[in-house]
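The exercises below are meant for a reader who is meeting this structure for the first time. Each task is followed by a solution that goes step by step.

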Amino acid sequence: MKCVLKSKIPDANYKYLYYALKNAKIPNTGYNRHFKWLKQISISYPEHQKQSMIVEILDKLEDSIDNYNTILGLLDKLVKARFIEMFGDPIVNEKGWRTKPLLDMGQCKNGMNFHYDDKGIDINCLGVCDFKNFSVIDNTKGLPTVSLNEMPSEEYLLKDDDIVFVRSNGNKALVGRSLVVYPGNVPTTFSGFCIRYRKYDNEIIVPYLLRVLKTDSVRMKMAGRGANIQNLNQQILGTLVIPVPPIELQQQFADFVRQVDKSREAVKKSLEKTQQLYDSLMQEYFG
């Protein structure tokens with residue numbers, strides 16, 4: 001259902017009204033379908049010149065936020081394009097690289113299942129909600145914590161260069177999503193909805209392997225099974241055969257990704273600052 005909202009104020013700036021409503025707390029119930037919630041919203045209308053000034057400022061900030069997000073998307077595409085240029089599609093393996101099964105180069109471990117009444121030890125924990133669009137998490141101090149009765153065994157503690165997959169989720173598109181972690185000396189575990197992969201083969205490096213696992217063709221091979229909650233398991237991962245190009249070529253790609261990541265971090269910082277300013281001004285202007 002659509003509706004047209006018209007202001008009774010002659011000098012109302014409709015873009016100003018758009019921002020005011022964007023900042024409004026709309027109830028997440030059937031109540032909002034009848035727009036009765038609008039009667040409960042009070043919008044302060046300053047004089048027309050100030051409305052225009054506010055709109056101009058917020059428009060510029062929204063444009064900057066959109067531009068930063070566009071740049072991040074382009075950087076992701078750049079890495080994908082460079083990977084295909086250097087190595088081709090890993091499933092087709094048109095360049096004829098020697099291959100190895102994924103599980104011949106490392107080991108998997110399903111994550112921990114937690115109990116609500118456990119207590120005594122708090123530890124950082126990587127869960128499905130923490131994956132987002134990350135490829136790398138190098139500060140696990142920022143992850144949520146869980147309470148356990150005792151410290152997990154070594155096999156449940158993440159180490160630098162571990163790759164973690166989403167094992168189970170109601171959204172099939174999320175299953176198989178992967179990232180690499182660098183917890184350093186911060187004790188960090190991972191939830192039962194994840195699988196940890198730890199490489200021990202020196203003929204392959206993690207930055208290259210991670211990008212193999214993120215390609216569309218490999219993600220399709222990992223497509224989850226199950227009618228409702230989709231699942232990835234070690235049997236499915238055992239079917240993955242990974243091309244192993246010369247280590248020098250893998251390192252060249254890793255160096256390229258490292259440079260792109262530096263640019264990405266700079267853009268992310270600018271995006272965060274701009275978003276914080278935008279949110280702050282929205283609060284200042286519209287409460």
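**Exercise 1. A residue in a loop**

Does K132 count as buried or exposed, and what is its relative accessibility?

Solution. The model is a predicted one, in which local features need pLDDT of at least 70 and side-chain atom pairs count only at pLDDT 80 or more, while totals for chains, interfaces and linings use all residues. Residues are numbered from 1 along each chain as its sequence is written, and side-chain values use heavy atoms, with hydrogens and water left out.

Step 2 is to apply them: K132 counts as exposed because its relative accessibility is 51%. Step 4 is to look at the backbone, where K132 has a positive phi of about 45° although it is not a glycine.

**Exercise 2. Another positive phi**

Find where N93 is placed, and decide whether N93 is buried or exposed.

Solution. Step 1: N93 sits in the loop between α2 and β1 (99-101). Step 2: with a relative accessible area of 15%, N93 is buried. Step 3: the phi of N93 is positive, at about 50°, although N93 is not a glycine.

**Exercise 3. The protein as a whole**

State how many helices and strands the protein has, and what percentage of its residues count as buried.

Solution. Step 1: the protein holds six helices and 12 strands. Step 2: 40% of its 287 residues count as buried. Step 3: among contacts (heavy atoms within 4.5 Å) between residues at least 6 apart in sequence, 80% join residues at least 24 apart.

**Exercise 4. The nonpolar cores**

Name the residues that touch the most other members of the largest nonpolar core, and the element that gives the largest share of this core.

Solution. Step 1 is the term itself: a nonpolar core is a set of buried Ala, Val, Leu, Ile, Met, Phe, Trp, Tyr and Cys residues joined through side-chain atoms within 4.5 Å. Step 2: the largest one has 35 residues, of which I163, F165 and L237 touch the most other members. Step 3: the elements that give two or more residues to this core include β6 (162-166), β10 (194-199), α3 (206-214) and α5 (234-237), and the largest share, six residues, comes from α3. Step 4 turns to α3, which is mostly covered, with seven of its nine residues buried; among them are V206, Y208 and R211. Step 5: leaving aside neighbours within four places in sequence, L237 is in contact with L102, L103, C108, F165, I195, M222 and L232. Step 6: a second, separate core of 16 residues includes Y19, V55, L72 and Y278.

**Exercise 5. A residue in helix α6**

Decide whether M282 is buried or exposed, and list which residues M282 touches, not counting residues up to four places away in sequence.

Solution. Step 1: M282 belongs to helix α6. Step 2: M282 counts as buried because its relative accessibility is 4%. Step 3: not counting residues up to four places away in sequence, M282 touches Y19, K22, N23, L58 and G287. Step 4: M282 and L58 are 224 residues apart in sequence, while their C-alpha atoms are 8.1 Å apart in space.

Notes:
Buried means under 20% relative accessible area, exposed over 50%, partly exposed in between (1.4 Å probe, protein chains only). Helices (H or I, at least four residues) and strands (E, at least two) are DSSP runs, numbered from the N terminus.
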